[in-house]
Amino acid sequence: MPKTKMVDFEEFLQMDKENEHRLEYFDGEVVYLESPSVKHQQVLLNIAAEFRNYFRGKSCEIFISPLDVWLKNEEKTAKVKVQPDLIVITDKSGLKENAYEGVPALVIEIISTSNQTHDSIRKYSIYMEFGINEYWMVNPELKTVEVYTLEKGEYKQAAIYKSDDCAVSQTFKELKIHLDEIF
């Protein structure tokens with residue numbers, strides 16, 4: 001589990017400016033993110049390449065970590081900053097110089113032993129609460145991709161892909177990723 005610390009919002013903004021660590025913020029709680037493993041980076045790069053090929057020429061954009069994502073929607077007042085491994089955005093109005101403010105259409109987190117609880121419980125809940133339509137949890141150790149989609153405010157597991165399966169997005173219907181290409 002990543003190291004955490006409780007601070008107010010203004011203190012976090014100062015910490016974030018002065019700190020070399022990657023930080024996430026959950027309405028008062030700062031989470032220090034560990035550097036990703038080589039395997040994590042290899043899998044992320046492979047997924048990003050597949051997504052880049054699919055989204056080339058389309059109006060959506062993809063970004064990979066580290067990019068600060070300030071989750072914002074009209075219903076939530078909580079201040080939340082995350083650094084997902086990969087995001088797909090359809091609303092470019094939230095793009096800032098060094099961040100994105102809004103709700104991505106799709107988020108991918110690559111699970112490791114050090115962040116499994118953080119990504120599979122805390123971020124799962126936050127992403128669902130803020131209305132992120134599709135959430136992929138990628139596990140390089142198990143070589144699986146779990147796809148969750150938002151239905152009536154709750155995540156439903158659309159599928160678990162493994163081995164030589166082809167992971168399919170529920171939001172972008174023609175987006176298919178062959179697992180043997182990413183692991």
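**Exercise 1. The largest pocket**

Task: State how many residues line the largest pocket and which of them lie nearest its centre.

Solution. The lining of the largest pocket consists of 18 residues, and Arg22, Leu33, Glu34, Ser112 and Asn115 are the ones nearest the centre. Two elements, β2 (22–26) and α3 (116–130), each give two or more residues to this lining. Of these, α3 supplies the largest share, three residues. Helices (H or I, at least four residues) and strands (E, at least two) are DSSP runs, numbered from the N terminus. The space in the largest pocket is about 210 Å³. A pocket is an open set of points on a 1 Å grid over the protein atoms alone, where a 1.4 Å probe fits, with protein on both sides within 12 Å along at least five of seven lines; lining residues have an atom within 4 Å of a point. Grid points are joined across faces, edges and corners, and the volume is the space filled by probe spheres set on the points. Sorted by class, the lining has three nonpolar, eight polar and seven charged residues. Here Ala, Val, Leu, Ile, Met, Phe, Trp, Tyr, Cys and Pro count as nonpolar, Asp, Glu, Lys and Arg as charged, and the others, Gly among them, as polar.

The model is predicted: local features need pLDDT of at least 70 and side-chain atom pairs count only at pLDDT 80 or more, while totals for chains, interfaces and linings use all residues. Residues are numbered from 1 along each chain as its sequence is written, and side-chain values use heavy atoms, with hydrogens and water left out.

**Exercise 2. Aromatic pairs**

Task: Determine what geometry the pair Phe9 and Trp70 has, and which elements it links.

Solution. The structure holds 14 aromatic pairs. Rings of Phe, Tyr and Trp (its six-membered ring) pair if their centres lie within 6.5 Å; planes under 30 degrees apart are stacked, over 60 edge-to-face, and the rest tilted. For Phe9 and Trp70 the centres are 5.8 Å apart and the planes make 80°, an edge-to-face pair. Phe9 belongs to helix α1 (residues 9–18) and Trp70 to strand β5 (residues 68–71), so the pair joins distant parts of the chain, 61 residues apart.

Next, take accessibility: buried means under 20% relative accessible area, exposed over 50%, and partly exposed in between (1.4 Å probe, protein chains only). Phe9, at 23%, is partly exposed, whereas Trp70, at 14%, is buried. A further pair is Tyr127 and Tyr135, which is edge-to-face because the planes stand at 85°, with 5.0 Å between the ring centres. Tyr127 is buried at 0% relative accessibility, and Tyr135 is also buried, at 0%.

**Exercise 3. Charges over rings**

Task: Find which ring Lys58 lies over, and which ring Arg122 lies over.

Solution. A charge sits over a ring if NZ of Lys or CZ of Arg is within 6 Å of the ring centre and within 35 degrees of the ring normal. Lys58 lies over the face of Tyr54, 4.3 Å from the ring centre. Tyr54 is itself part of an aromatic cluster with Phe51, Phe55, Trp136 and Phe172. Arg122 lies over the face of Phe26, at 4.3 Å from the ring centre.

**Exercise 4. A lysine in α3**

Task: Decide whether Lys123 is buried or exposed, and list what it contacts.

Solution. Lys123 is in helix α3. With 1% relative accessibility, Lys123 is buried. Contact means heavy atoms within 4.5 Å. Leaving aside neighbours within four places in sequence, Lys123 contacts Glu24, Phe26, Val82, Gln83, Pro84, Glu109, His118 and Tyr135.
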